Amino acid sequence: MGSGAGVVVDQRESVAVVTVTDPERRNALSTELSAQLAEAVTACERNGRVHAVVITGAPPAFCAGADLSALGEAGEEGLRRIYAGFLAVADCRLPTVAAVGGAAVGAGLNLALACDVRLAGPRARFDARFLRLGLHPGGGMSWMLQRLVGPQAAAAMTLFGDVLDAAEAQRVGLVHRVVDGEHEDVVEAAVRFAGAAAAAPRELVVATKRTMRTTATLDEHTAAVETELVPQLASMESPAFAERLAAMRKRISGG
């Protein structure tokens, strides 16, 4: 890692901003950085005051991929240690937003894909790059990318080396929203975007994300209805729902 490298967590009310910081190496994921990223995500999950997580990289890059100086010596154990950071993000129980302000390359693309939603700044770039390095994709990239953008766009990026800028990434569905950068920083936009999840009861947010992961695997609407029924009934019995319902009725009645 470069000097001053590490993972920084900045809590902004109920949103935690997790920044991978090694600008000398464009935030390339070493085994040490990946371990720190996994620890940071776990700490956010354990912190009851954190309801949502923003993942970003120190400018100018988002993440340049795996640290190639370490990758050449990595066997299976080394690869799994590099995967650990973005897999912790993929497994996170809390809602996650990637704030992509620069290049997301290789394992850095995996880190962006691991988040629930991606926002991009004007200088964002999404580059699989594995084949150009003579390297097979890893970390579940092909699975994540195909599920997100479909087989054709995934093939274009993975097999043909198509590099997407922010606008094209939004067009194919890789990015939810592009931030112009002139009027708003992508990290600030991501924090504001995460605010809606952060404002909801934490247990409800966690339960809803868990349900969405289940219903995404179902083939029938009726199965989804049954999957949602139990947690919805539980939420109706919660104090948070009672308080918000009372406040809504008061507003409607003009009280």
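Valine 100 stands opposite alanine 120 in β6, strands here being DSSP runs of E of at least two residues and helices runs of H or I of at least four, both numbered from the N terminus. The model is predicted, with local features needing pLDDT of at least 70 and side-chain atom pairs pLDDT 80 or more, while totals for chains, interfaces and linings use all residues. Residues are numbered from 1 along each chain as its sequence is written, and side-chain values use heavy atoms, without hydrogens and water.

| Strands | Sense | Bridges |
|---|---|---|
| β3 (residues 52-57) and β4 | parallel | four bridges |
| β4 and β6 | parallel | four bridges |

Because five of the five residues of β4 are buried, β4 is largely enclosed by the rest of the structure, buried meaning under 20% relative accessible area with a 1.4 Å probe and protein chains only. Thr96, Ala98 and Val100 cover one face, and Val97 and Ala99 the other.

The largest pocket is lined by 30 residues, of which Ala114, Cys115, Asp116, Lys209 and Arg213 lie nearest its centre; a pocket is an open set of points on a 1 Å grid over the protein atoms alone, where a 1.4 Å probe fits, with protein on both sides within 12 Å along at least five of seven lines, and lining residues have an atom within 4 Å of a point. Elements giving two or more residues to this lining include β4 (96-100) and β6 (117-120), whereas the largest share, five residues, comes from α9.

Conventions. Buried < 20%, exposed > 50% of the residue type's maximum accessible area, 1.4 Å probe, protein only. Pairing = 2+ DSSP bridges.
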